[in-house]
Amino acid sequence: MSNDYDILDRYTNAFPASRTLYDRALQRFPNGVTHDVRFFEPFPIYIDRALGSRKWDLDGHELIDYWSGHGALLLGHSPRPVVEAVQKQIALGTHLGACHELEIQWADLVCELVPTAERVRFTGTGTEATLMAIRLCRTFTGKDKLLKFAGHFHGWHDAVIPAANPPYEVPIPGIPEAVLNTTVVCPPNDITQVEDILRADDGIACVILEPTGGSWGTIPTTGEFLHQLREVTERYGVLLIFDEVITGFRVAPGGAQGFYGVRPDLTTLAKILAGGLPGGAVTGRADLLEQLEIRDDPDWMHTRKMPHPGTFNANPLSAVAGIATLKQVRDGEPNRKANESAARLRQRMNEVIDQYGLNWCVYGEFSGVKLLLGHDRRGIPAREFNVLEYDYRKLKKATDPRITQLVRAGMLLNGVDMAGGGGMTMAAHSDEDVARTVEAFDTTIQWMRRQSVL
Ligand SMILES: Cc1ncc(COP(=O)(O)O)c(C=O)c1O
């Protein structure tokens, strides 16, 4: 039975234009959506424009955005240098069907900022980048297997989607068993297990991880673990891939490897790399990337050459957006601003949680804001909760779906668009945005209490 404070009734009443579009979308798309994490019941909201830290839906609500373009935006929505560069380029050609100087400028910036970047190859997406990095490692070593960590996300291709989300042991339909057998899954942050696996199995070509932890730090890791992993992989002659699709140019201009001073063999990039447009890249050791070379040597071509076409590799629109963005990232100022806003947000949202005595917590590092809506350590204030000591299996998608749904809907009704698991800040987020977000969170909790769900 609904009452005055039923959040989902309010939601349905407040977003009628989105409801109407969703009914149309249901006729066209599975679940009515085009990305798994955009699925939301009773219906998702439809956005028609965005600027800075804000976006506006079809019913005219102004929302503070923490999706940040799924992590592709660091400066904010439509920053002027990116808009101007893209507008200029669109008139000069969206696809030149040729080499162009912009791709070199773009790669120059990658090599300037990413400490281990010796060579670069652009791809269409982050998924393609991890696919390439793994293939390069397999070819180089002549070994088939890769080791990945439970809860770490590297895109949706066959080698890496297993164990990306709980339940971690359940195989993904449609992936042949022979392929599944080449992906070895290890619990996160357990260097002893990594070493045991590498010692017992000499068929492992590479280890891949998200260097601030699974799903952008939802299952966090530490700099210490990264250093240990580098040491162990080197000792066993196994290649190390840092998947910096999110962390690259976000946690610091040089990504997590720059911040922690750890040198992977290969690095995958996307998102901020292309300034909010589609694009990815693999970078790292020249002797690994040289396997992309075409050579006048049949033996090389048959045993080493990795074929790599791709219609939109280094497309000029992504190149100019990427160049304009990376030039801003150079001095680390956007990273510093985004990191500071997130730290304030985490602290103040935790103060609200403690004020209501909830067993919730907001955690994260850098520009990450992670919502843990319910944990089994009652009595520990949110501000003192140490997520590294918590069972990693309860960090991803473990919250009661109804609580997640109501928090998301309540926040939207109060002018904040933050995904159920949290979000991330951009340089465009202001002190006022942080204050309004904390208020929205507080009001949402009050509504949930009045609705007797808390
Ligand atoms: C760490 C990481 N790797 C790879 C990917 C896949 O990138 P894309 O969505 O561009 O294919 C993502 C996407 O969110 C990611 O977060």
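## Strands, ligand and cysteines

L209 stands opposite F242 in strand 9. This is a predicted model, in which local features need pLDDT of at least 70 and side-chain atom pairs count only at pLDDT 80 or more, while totals for chains, interfaces and linings use all residues. Residues are numbered from 1 along each chain as its sequence is written, and side-chain values use heavy atoms, with hydrogens and water left out.

Strands here are DSSP runs (E, at least two residues), numbered from the N terminus, and two of them pair if DSSP finds at least two bridges between them. Strands of a sheet pair through backbone hydrogen bonds, either parallel or antiparallel. Strand 7 (residues 204-209) pairs with strand 9 (residues 239-243) in the parallel sense, over 4 bridges. Strand 7 is also joined to strand 5 (residues 145-149) by 3 bridges, again parallel, and L146 has C206 in strand 7 as its bridge partner.

Strand 13 (residues 368-372) is largely enclosed by the rest of the structure, because 5 of its 5 residues are buried. G368, K370 and L372 cover one face, and V369 and L371 the other. Strand 13 is joined to strand 12 (residues 361-363) by 3 bridges in the antiparallel sense, with C361 opposite L372. These two strands form a hairpin with 4 residues between them, and G364 in the turn has a positive phi of about 135°. Strand 13 also runs antiparallel to strand 15 (residues 422-424), again over 3 bridges; here G368 stands opposite M424.

A separate description covers an open sheet of 4 strands, with the order 1-2-3-14 and mixed pairing. Its edge strands are strand 1 (47-51) and strand 14 (416-417), each of which pairs on one side only. Strand 14 pairs in the parallel sense with strand 3 (residues 62-65) over 2 bridges, and D417 in strand 14 is the bridge partner of D65.

Next, the ligand. A nitrogen atom of the ligand is 2.6 Å from an N or O atom in the side chain of D243. A backbone N or O atom of F153 lies 3.5 Å from a nitrogen atom of the ligand, and a polar side-chain atom of K271 lies 2.8 Å from an oxygen atom of the ligand. Taken alone the ligand exposes 390 Å², of which the protein buries 79%; these areas come from the Shrake-Rupley method with a 1.4 Å probe.

What is the count of disulfides? The count is 0, a disulfide being a pair of cysteine sulfur atoms within 2.5 Å. The sulfur of C111 is too far for a bond, because the closest cysteine sulfur, in C99, is 17 Å away. C111 counts as partly exposed, at 31% relative accessibility. C137 is in no disulfide either, and the nearest cysteine sulfur, that of C206, is 4.2 Å away. At 0% relative accessibility, C137 counts as buried.

Methods:
Polar contact = N/O pair within 3.5 Å; in protein donor to acceptor, adjacent residues only side chain to side chain. Buried < 20%, exposed > 50% of the residue type's maximum accessible area, 1.4 Å probe, protein only.
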